[in-house]
Amino acid sequence: MSSRDSRSASLRASESISSGHPDAIFINGKFITADVSFSVANAVAVRGGRFLAVGSAEDIRSMAGPSTTIVDLNGATVLPGLIDTHAHVERAGLLKHTVQLNDVSTVAQALARISEHAAQMPKGRWIRGGQWHPISQLAEKRFLTREELDRAAPNNPVCLPIGHFTLVNSEALALAGITKDTPDPDGGIIHRDKTTGECNGTLEEAAEDLVHNLLPAWSEDEQDDQLKYAMQYFNEFGLTSAISAAVDPATLRAHQRVRQRGQATLRISAMYAPTGGLNPSMTLDEWELFFSRIGVASDFGDDWLSYSGVKLQIDGGMTLRTAAMRDGYPDDRNYKGTIVIEPARFNALVATANRYGWRVGVHAVGDAAIDTVLDAYELADAERSIKGRRFIVIHGSLMRRDQMERARKLDVRVDAQTSFLWDKAATVARFLGKETADRAFPMRTMIDVMGLDAVAQGTDYPINLVNPFVNMYVMVTRKDKNGDVFGAGERITREEAIRLYTSSASRYSFAEEKTGTIEPGKYADMTVISDDILTVPEEAIKDIVAVRTIVEGNTVFERRAGK
């Protein structure tokens, strides 16, 4: 710390002594506070779940009372509790309930895994898949076919979500009543065999719901157990807060039950999906009726569970060749991706939510999709100002400078996930070209144009790894897992990467006065890490792990030796 910072910390400590002793003090650490000056302290005091003082070990030790717990961190580096601003948190709870394919590398391995899982299931029981990404993951760079799934699981319906696509077998199609004559639903595509016209086993966007709606609901006890497991899983990576990306009503009720029992270990602010999907099935009149009657608006809740807004989606994804692009795709300039909601309807959905005090976050990947979102936000702003309300472009993967300038004028934020580049950059380059892959997730430009307060980072777990340190590594180096560099000019500093997970991230849920930095009065959310992220070689950033995760002064995760 500078001498000025030390004197300031000493003053804060002395002021705090008069109000009572701390419950705990943590000493002998390197506390990266992420405050305005990005100062570093070596001790903190905690009382009532909040930081009481931050400063030198001498100052903080002097505050200890007879019942104060003293924790010696033995020189470890400590960050503010990390915040993932876009993750499907609840899906981590399905790790034990679904067939996991995220580590297979060939079609044969995937089918063998499904077959092994099916052999343990009663006949007729649904086989559900965990999130994976065959296009970038498998050597064959393709989806599994209906016929392959039939052979792997001949006695069970199969439902394998990918993210915007779901793979199914013949049994699942039969249960859903999908035949060659079934029309594509609005906002979705039933992919078909070019010869027979029959569904080939791939359902896209709204067509996924034809099968997903048949899946038996988890019991409340199962939902609650899955949610608690998911929170603990996130805690293992040093995460203390998350924006859950698309929370339906049943899942929100599970969050409430876990919160009310005092069992939550991860702060959640939910992006609400009232009908479960991101393209609402309601008519515009039903949409208006819903918001007129719900009785709350976004940013309602407490510091453990709240609404951050309503979630919508306008296009697909880079790695699925469905991102909506201004200039089309390199191999076919006439193909410009997928817009999943007709723009006039989309504008009305946004305007209605805004009218009733809800802010909106929209999945928008391609530059044409981002244009559509900003157009809708400008129309909504003309009716009721959105400035100061932090409307969101979610992903903003291929955002251009002119769009960043429009977003800045509207006071719109962008929450990106550079972690896509870790294992999918080559797929983006294959579909859109290396030049486009190089400008994906342009964090350097976003920070320069929009400012750190208007951007943050998440992972879109389980589409990508939830590990924040892998994500920070990609932001700092722009390297994928093979060491290939994509867009070196978009590299950012380590300090900026940390802020995107802490002080900047807390602004998503208007929590910047409560979390995101290590400062007196804020919640004592901290992440003790294995290495000094400010000084380790760049290549070592991705190998950092959380050693201890602390929420409101309580340890919610501690890594055992050798793990």
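**Close-up views of aromatic rings**

Tyr461 is buried, at a relative accessible area of 6% (buried means under 20%, with a 1.4 Å probe and protein chains only). This is a predicted model, where local features need pLDDT of at least 70 and side-chain atom pairs count only at pLDDT 80 or more, while totals for chains, interfaces and linings use all residues. Residues are numbered from 1 along each chain as its sequence is written, and side-chain values use heavy atoms, leaving out hydrogens and water.

**View 1. Meet Phe143 and Phe165.** The structure holds 16 aromatic pairs (ring centres of Phe, Tyr or the six-membered ring of Trp within 6.5 Å). Phe143 belongs to the loop between helix H4 (134-137) and helix H5 (146-152) and Phe165 to strand E9 (residues 165-168), so their pair ties together parts 22 residues apart in sequence. Helices (H or I, at least four residues) and strands (E, at least two) are DSSP runs, numbered from the N terminus. Phe143 is buried at 17% relative accessible area, and Phe165 is buried at 4%.

**View 2. Now find Tyr233 with Tyr461.** These two form a tilted aromatic pair, 5.8 Å centre to centre with 40° between the planes. Tyr233 lies in helix H8 (residues 220-235) and Tyr461 in the loop between strand E18 (455-457) and helix H17 (468-477), so the pair links parts 228 residues apart in sequence.

How values were computed:
Phe/Tyr/Trp six-rings, centres within 6.5 Å; stacked < 30°, edge-to-face > 60°. Buried < 20%, exposed > 50% of the residue type's maximum accessible area, 1.4 Å probe, protein only.
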